[in-house]
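Here is a protein to look over together, with a few words about the terms used for it. Have the viewer ready as you read.

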Amino acid sequence: NKSGGLGGGRVKLMASKRIPGWKRTKPPPFTQEEVDRHAPLIKSSWKILLETVKWEDIGHMMYINMFALEPALEGMFSSDARIMGSRWLDTFNTMVNDCHIPSKMHVRLETKAAFHIKTGVRTEMMDVMGKAVLKILQDNLGLHWTEPVAEAWKWLWGWLTQSMDLMLTSAYQESSLIQLCWDTCLEKNTQEEIGKRLFDMLVELAPTIKESLQQPRQVMALRLVDMMATIVAFSEDSERMHEEISGLASRHVVYGVKTHLFPILGNVFAAMLQETLAEHWTLEVEAAWGNHYTEVCDLMQLEMKRWQKHAPAALGLWERVGKKWTPKRLGFSLSSRLYQMFPEFVHHFAEEYRHDKDKTVRKRPDDGSMHSAVSAVVGDVGGLSREQSAKT
């Protein structure tokens, strides 16, 4: 059942999509001796319960017991207890059937990560839910509720609690929260709608910026939503973020974007998320997004300042090269230099270019060799010494 979780029921946001890029966690430790001793008792007693009590009544009783033990939890759920109970029982019954393979139970819990986050499930809730489940068993099993059976069920619930704790700890990490927020935005609105809302918020927050924008609203809206999607993607892959920020920074310099715009954009992105997520824009979500955007923003501003410092000299040198040599001649000269410094690389490159058959990864020249070759050619054409060219 797509809308069910260990907490059951629909609570305002329904999506149960797996968090993209989320790393799996290892299941809690267990011994095969424990599994072999407890699993048969758990399954046999559960079978007796299903034969004794109606299916729809078991789930309903679980929620009734839970709310009796902890009345404050009732406010978390918006659906009828019977409906929620039926959904919970679908999931829990599967857990019981898999109790002889604990790792499988853990994987099933992981698939409910997004649902449990959106419903606000916390590890500490497992204690009251466990008491509610044990009360159902104790009240209905009669003489079948023996000490070994009670011990087996306590073992199972203790293990599930550890599994839930591991899963939630991982799922509540900042990167996962950021991706989850973005998923929710895309479920509620199209990318075009998000982009237009971002554009309108930006103009509203910084009215003077509209005069400097060279593209129409529709184009700028798409750029803004692409930028936000990229920032979200960076939350799952910090290595990729550091690799790509430099290229993004260079393009923003070419576009004439000023570094002071990024804090403003951060406020716009946060405002859009807050507006879309409504009551689910919690302090935890706000902190996760704020920390991540600050890291991206600081890195982007640093790279843009570096590009702004060197760009005029690099572009000026490139213009001088373009006036003296055609692209074909420049390419020929560069390949000649590379052949002198790294003949094996040029040979393999030429073979692969002609035949496009050999997909084997070849050894490429190290950065120092490539840098020396490019500096030599550009320096020759631009009228600079090799040292000047390399520095530029």
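The questions below ask what stands behind each label.

This is a predicted model, in which local features need pLDDT of at least 70 and side-chain atom pairs count only at pLDDT 80 or more, while totals for chains, interfaces and linings use all residues. Residues are numbered from 1 along each chain as its sequence is written, and side-chain values use heavy atoms, with hydrogens and water left out.

Q: What makes up the secondary structure of the protein?
A: The protein has 18 helices and 0 strands. Both are DSSP runs numbered from the N terminus: helices are H or I with at least four residues, and strands are E with at least two.

Q: Why is α11 called roughly perpendicular to α13?
A: The axes of α11 (residues 217-234) and α13 (residues 261-277) cross at roughly 85 degrees and come within 12 Å. Angles under 35 degrees count as roughly parallel, over 145 as roughly antiparallel, 65 to 115 as roughly perpendicular and the rest as oblique. The angle of roughly 85 degrees is therefore in the roughly perpendicular class.

Q: What makes the contact between α11 and α13, by class?
A: It has 9 nonpolar, no polar and no charged residues. Among them are L224 and M227 of α11, and F262 and F269 of α13. Contact means heavy atoms within 4.5 Å. Ala, Val, Leu, Ile, Met, Phe, Trp, Tyr, Cys and Pro count as nonpolar, Asp, Glu, Lys and Arg as charged, and the others, Gly among them, as polar.

Q: Where is E74, and why is E74 called partly exposed?
A: E74 is in the loop between α2 (55-69) and α3 (81-97). Its relative accessible area is 47%. Buried means under 20% and exposed over 50%, with partly exposed in between (1.4 Å probe, protein chains only), so E74 counts as partly exposed.

Q: How many of the residues count as buried?
A: Of the 392 residues, 44% count as buried.

How values were computed: Axes fitted to C-alpha atoms, helices over the stretch in contact; angles between N-to-C directions.
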